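Visitor: Hi! Could you walk me through this protein model? I'm new to reading structures.

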Amino acid sequence: MKRTSPESVDNLAVDRRRFLGAAIGACAIGPHAPLFMQFAPSMSGSLTKEQRDSMTPSQVVDELKKGNERFRAGKMAPRDYLAEKRSSASGQYPAAVVLGCVDSRVPAEIIFDAGIGDLFSGRVAGNVVNDDMLGSMEFACAVAGAKLVFVLGHTACGAIKGAIDDVELGNLTGLLARIKPAIPRTKFEGEKSSKNPAYVDAVARTNVKLAIDNIRRRSPVLEDLEKKGSIQITGAMYNLANGTLEFVS
């Protein structure tokens, strides 16, 4: 009688779970339903071109919302990162490009419960718009086919505080200068100080709005794609305390 090693048993169990997951998913989706369910279906690798192309920009926004809900509920999708790595090695089909802050507490892939190959992720302090970021967004959408440009600000942002306080430090001085236009554009009743969290968040919210405006104004490529309905340009504020998103139009 042939003996089965513990390793073989484990591999068989994993293969069985993957087969069952795929079969259940196929039954649930049906032959004519859209292919979007979540960015990377459980244990099946990264987002495919067919899945990405079947989504509208508004559906991509919905997937971000659903992913954030899973993250906040502690019910994130099970993932096989090695499978995602392998499936995306020969090509990538991200659904969105996210411009976020370098803050370590706001990793887009985690707070949106996305996997390898699902999102283009650009990060710079204060989620500011510059020529390099615009070029990256144009590549993501016009060349690679992403459906969404998403500016992600967050509460208690240190870059916003630095801009309010006129901090000067090497190259940081020039970066903060890109945030400063948001300060006079922010309507706020109360203490206008970096020590007032509500004011800091209000300026950060304005900064997201101005970033969205700047993307449209400074990139005819992206503006044209949005007018055609091929992409959507939007953004949100992420709350560090509770993980929620406040969308900014």
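Guide: Happy to; we'll talk about salt bridges, backbone angles, a surface patch and a pocket. Keep in mind that this is a predicted model.

Visitor: Okay, salt bridges. How many does the structure hold?

Guide: There are 13 salt bridges. In general, side chains of opposite charge can pair when their charged atoms come close.

Visitor: Which residues are linked in a network of them?

Guide: Arg70, Arg79, Glu84 and Asp113 form such a network. Within it, the side chains of Glu84 and Arg79 meet at 3.2 Å, N to O. Both Glu84 and Arg79 are buried.

Visitor: And Asp113, is that one buried or exposed?

Guide: Asp113 counts as buried because its relative accessibility is 2%, and the cut-off for buried is under 20%. You'll find Asp113 in the loop between helix H5 (108-111) and strand S2 (119-123).

Visitor: What about its phi angle?

Guide: Asp113 has a positive phi of about 50°, although it is not a glycine. Most residues other than glycine have a negative phi. Ala156 also has a positive phi of about 50° without being a glycine. Ala156 sits in the loop between strand S3 (148-154) and H7, and with 34% relative accessibility it counts as partly exposed.

Visitor: New topic! Which residues make the nonpolar surface patch?

Guide: Val167, Leu169 and Leu172 make a patch of about 240 Å². Leu169 is in the loop between helix H7 (158-164) and helix H8 (172-177), and at 57% relative accessibility it counts as exposed.

Visitor: Last one: what lines the second largest pocket?

Guide: There are 13 lining residues, and Arg178, Pro181, Leu210, Ala211 and Asn214 lie nearest the centre. The lining divides into five nonpolar, three polar and five charged residues. The pocket holds about 200 Å³ of space.

Key:
Residues are numbered from 1 along each chain as its sequence is written. This is a predicted model: local features need pLDDT of at least 70, side-chain atom pairs count only at pLDDT 80 or more; totals for chains, interfaces and linings use all residues. Side-chain values use heavy atoms; hydrogens and water are left out. On a 1 Å grid over the protein atoms alone, a cavity is a set of points where a 1.4 Å probe fits but cannot get out, and a pocket is an open set with protein on both sides within 12 Å along at least five of seven lines; lining residues have an atom within 4 Å of a point. Grid points are joined across faces, edges and corners, and a volume is the space filled by probe spheres set on the points. Ala, Val, Leu, Ile, Met, Phe, Trp, Tyr, Cys and Pro count as nonpolar, Asp, Glu, Lys and Arg as charged, and the others, Gly among them, as polar. Patches are made of residues with over 30% relative accessible area and no salt bridge: like charges are joined within 9 Å, nonpolar side chains (Val, Leu, Ile, Met, Phe, Trp, Tyr) within 5 Å. Accessible areas come from the Shrake-Rupley method with a 1.4 Å probe; for residues, only the protein chains shown count as cover. A salt bridge is a side-chain nitrogen of Lys or Arg within 4 Å of a carboxyl oxygen of Asp or Glu. Helices (H or I, at least four residues) and strands (E, at least two) are DSSP runs, numbered from the N terminus. Buried means under 20% relative accessible area, exposed over 50%, partly exposed in between (1.4 Å probe, protein chains only).
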